[in-house]
Amino acid sequence: MSIPSFMFYFFEAVAALSAIALIFIRNVFYGALLLIICLLALAGIYVLAFAEFIAVTQILVYAGGILVVIIFGIMLTTKISGKPLVVEHAYVFSGALTGISFFILFIYFLSKESFLVNPSAVVQANFNSINPVGIALMSDFVLPFEVAGVLLLVALVGAAVIASSTKSKKI
Amino acid sequence: MFPVEHFLYLAALLFSVGLIVVIIKRNMIMVLLGIELMLNASNLNLVAFNQLHTGSNSGHMFALFVIIVAVCEAAVGLAIVIQVYQYYQTSVPDEVSELND
């Protein structure tokens with residue numbers, strides 16, 4: 001087994017196991033850390049799928065942004081008692097039934113499909129993918145890019161306004 | 001290049017796990033984590049299928065914008081969670097049921 005394929009299946013195993021552990025974990029803080037492990041493993045998979053820019057964005061955004069925001073959220077929504085926040089489970093049977101039946105349906109339909117491509121042509125065409133991504137962002141996708149910037153600004157201002165505790169105006 | 005099916009199986013697993021987490025956890029932050037997991041499963045599918053279309057970057061672009069929207073969703077969602085916690089003193093979604101009474 002070559003090194004890239006070993007890394008690919010290693011990252012897949014890490015992502016799958018940390019996601020499955022997220023179901024059973026009862027501490028929210030450990031849940032957030034497991035989610036970050038899963039997302040970083042996904043970033044490794046993106047690198048091996050010729051999507052280096054997406055991988056770097058994933059690491060920057062999730063490890064740098066979402067993790068900090070989620071941990072602040074956990075700290076601000078626990079009573080200060082020193083005890084870890086324990087999550088109860090509810091609707092376990094219906095949740096497991098929904099998820100497992102979805103999974104079986106996905107696997108059934110995926111196993112009936114076949115995606116045949118020429119691997120060497122794919123490797124040749126995707127060898128350097130950061131340069132075309134940058135050019136596409138500034139030419140074909142410049143309008144969605146600017147709209148995404150405005151969306152980020154609006155979300156930032158909206159989150160700050162919602163989270164600021166103005167006691168006079170209760171919802 | 002790795003088989004596309006293996007990406008898709010992992011994405012199917014991540015989506016199902018995210019759905020289970022959203023349904024069974026009785027904590028708003030855990031529900032948000034489950035939503036993030038489902039969005040990442042869709043991202044993995046986009047990146048995997050972009051490999052099949054040589055010379056096109058549309059899958060990468062979609063994945064990039066999905067990440068941006070996920071960031072906005074997480075920020076606004078956690079702000080709402082904090083405000084609901086300050087008002088109701090709970091972070092269990094089932095206990096926020098004033099409209100039910």
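Trainee: What span should the 21 residues of α2(A) have at 1.5 Å a residue?
Mentor: They should span 30 Å, and the end C-alpha atoms of α2(A) are 31 Å apart, which agrees. The expected span of a helix is 1.5 Å times one less than its number of residues. Helices (H or I, at least four residues) and strands (E, at least two) are DSSP runs numbered from the N terminus.

Trainee: What follows α2(A)?
Mentor: F50(A) does, and its phi is positive, near 65°.

Trainee: Before we go on, where do these coordinates and numbers come from?
Mentor: This is a predicted model, in which local features need pLDDT of at least 70, side-chain atom pairs count only at pLDDT 80 or more, and totals for chains, interfaces and linings use all residues. Residues are numbered from 1 along each chain as its sequence is written, while chains are lettered from A and ligands numbered from 1 in the order in which they are written.

Trainee: What is the mean pLDDT of chain B?
Mentor: The mean is 89, and 99% of the residues of chain B reach 70 or more; pLDDT is the predictor's confidence in each residue, from 0 to 100. Within chain B, confidence is lowest in α3(B), at a mean of 91, and highest in α1(B), at 94. The model scores ipTM 0.90 and pTM 0.90.

Trainee: How many helices and strands are there in chain B?
Mentor: Chain B has three helices and zero strands. Its radius of gyration is 17 Å, well over the 13 Å that the globule rule gives for 101 residues, so chain B is more spread out than a compact globule. That radius is taken over C-alpha atoms, and the globule rule is 2.2 Å times the number of residues to the power 0.38. Along the principal axes, the C-alpha atoms of chain B fill a box of roughly 55 × 25 × 20 Å.

Trainee: How many of the 23 residues of α2(B) are buried?
Mentor: The number is 17, so α2(B) is largely enclosed by the rest of the structure. A residue is buried if 20 or more other C-beta atoms lie within 10 Å of its own, exposed if 12 or fewer, and partly exposed in between, with C-beta atoms placed from the backbone.

Trainee: Which residues touch the most other members of the largest nonpolar core?
Mentor: L14(B) and L44(B) do, in a core of 69 residues. Such a core is a set of buried Ala, Val, Leu, Ile, Met, Phe, Trp, Tyr and Cys residues joined through C-beta atoms within 7 Å. The largest share of this core, 15 residues, comes from α3(B).

Trainee: And what does L44(B) touch?
Mentor: Not counting residues up to four places away in sequence, L44(B) touches L42(A), I45(A), F7(B), L10(B), A11(B) and L14(B). Two residues are in contact if their C-beta atoms, placed from the backbone, lie within 7 Å.

Trainee: Turning to the interface, how many residues does the contact take from each chain?
Mentor: It takes 58 residues from chain B and 75 residues from chain A. On the side of chain B that touches chain A, α3(B) gives the most, with 21 residues.

Trainee: Is V76(B) buried, exposed or partly exposed?
Mentor: V76(B), which lies in helix α3 of chain B, is partly exposed, with 17 other C-beta atoms within 10 Å. Leaving aside neighbours within four places in sequence, V76(B) is in contact with A155(A), G158(A), A159(A) and I162(A).
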